[in-house]
Amino acid sequence: MKTYLVTGAAGFIGANYVKYILAKYSDVKVVILDALTYAGNLGTIAKDIDNERCFFIKGDICNRDVVDGLFAEYRFDYVVNFAAESHVDRSIENPQLFLITNILGTQNLLDCARRAWVMGKDEQGYPTWRRGVRYHQVSTDEVYGSLGAEGYFTETTPLCPHSPYSASKTSADMFVMAYRDTYKMPVTITRCSNNYGPYHFPEKLIPLIIKNILEGKRLPVYGDGSNVRDWLYVEDHCKAIDLVVREGKEGEVYNVGGHNEKTNLEIVKLTIATIHRLMADNSEYRKILKKKVKDANGEISIDWINEDLITFVKDRLGHDQRYAIDPTKITNALGWRPETKFEVGIVKTIEWYLENQAWVEEVTSGDYQGYYEKMYGK
Ligand SMILES: NC(=O)c1ccc[n+]([C@@H]2O[C@H](COP(=O)([O-])OP(=O)(O)OC[C@H]3O[C@@H](n4cnc5c(N)ncnc54)[C@H](O)[C@@H]3O)[C@@H](O)[C@H]2O)c1
């Protein structure tokens, strides 16, 4: 039996990861710690929490008493830290919140784990650790900065973050490595490219575009839409994290990416075309459209779902031009490779959103108001 502390698992990737490990292993216990910020939603994991294999605690990773209390109650083998402020645009508006959660929160988790897991000292004075424990930090390719038209990020690419978000994630990574070097703490880090898939909060590009199309709204694209990201289906990321937590070499960093570079404009056009195709093939999907334009026969028309909906908006400040991952290390060392082709993953993702409109309503109701709506109007 392995016991996990998984933080931030009421959010997008953490929730997918918990679902993945609960399905894959019968002998795991998972304790989720999540502050339920605007990005976290209990509904996302409600069916997974059974208080036998999966437990939920609402709390802040920065809170020492809360995290210490969990270490006192459970004998964790693994800590997997997803909890973060994750939206670059929000980091430009409020950098300090990113510093608090992403840096101080990570350091607090490291410290609580250290005090719970250290058994004694070796001859040189380094701490000795309980056997088999592992702290895993979920990081991002954004720590490497931006690429030109050529080349890829490898694990030895110098860290060169540009946004407050990526600066905070880089600092967190540096703390993880500092704990490795100073205390010989058993840690690993994965740095992944852009994820897409179910439960992605609808302020991020792909779910935002889906949501806006269903509502008949304009589709905002930053600058000229030429910024390149390397898109990976979320389940492939979860598989990579699982491999690294269980089999990755202590102290190592692994880059995770899909070899699937696309400009933002390509992503938006592909999303428009895929929704159009799915709507054309399925009259049930057409009923979901909130903008119900009727054709001459009184049927719901989808002719208006086209690239004319795209609106180019003022570019993000300091917008990184291109990210692209070289995943050779994790492929050679652990046999990981992306399994879901983008053409398949984008259809699965869009179908999931079409079939889970109640989830979208839930996470975007209440206190949350569409960020882009506030910025750019309806
Ligand atoms: N989304 C991506 O494409 C991507 C790519 C690479 C790495 N990452 C990293 O993966 C992790 C998860 O990203 P995501 O997209 O799922 O994020 P998300 O914003 O969807 O979820 C973040 C979760 O963390 C929780 N949280 C925030 N502050 C907290 C705090 N102080 N204490 C406890 N919980 C808190 C939120 O409630 C939410 O459930 C992040 O660390 C992010 O940097 C994301």
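Mentor: Helices and strands here are DSSP runs, numbered from the N terminus; a helix has at least four residues, a strand at least two. The model is predicted. Take helix α1, residues 12-24.

Start with the ligand. Its shell holds 30 residues, and Gly8, Gly11, Ala39, Gly40 and Ala84 come nearest. Four elements each supply at least two shell residues: α1, α5 (95-117), β7 (134-140) and β9 (194-196). The largest share comes from α1, which gives three residues. By class, the shell has 14 nonpolar, 12 polar and four charged residues.

Now the packing. Two packed helices are described by the distance between their axes and the angle between them. The partner of α1 is α8, residues 234-247. Their axes come within 9 Å and cross at roughly 65°. The crossing is right-handed. On the α1 side, the contact uses Phe12, Ile13, Asn16, Tyr17, Tyr20 and Ile21. On the α8 side, these meet Val234, Glu235, His237, Cys238, Ile241 and Asp242. Eight of the contact residues are nonpolar, two are polar and two are charged.

Finally, the wider setting. An unreviewed UniProt entry lists residues 5-347 as "domain: NAD(P)-binding". Over residues 5-347, the chain is 40% helix and 18% strand.

Key: Residues are numbered from 1 along each chain as its sequence is written. This is a predicted model: local features need pLDDT of at least 70, side-chain atom pairs count only at pLDDT 80 or more; totals for chains, interfaces and linings use all residues. Axes are lines fitted to C-alpha atoms, for helices over the stretch in contact, and angles run from 0 to 180 degrees between N-to-C directions. A crossing is left-handed if the near helix is turned anticlockwise from the far one by less than a right angle, and right-handed if clockwise. Two residues are in contact if their C-beta atoms, placed from the backbone, lie within 7 Å. Ala, Val, Leu, Ile, Met, Phe, Trp, Tyr, Cys and Pro count as nonpolar, Asp, Glu, Lys and Arg as charged, and the others, Gly among them, as polar. UniProt positions are given in the numbering used here, feature names are shortened, and annotations may be inferred rather than shown by experiment. A residue is near a molecule or strand if its C-beta atom, placed from the backbone, lies within 6 Å of it.
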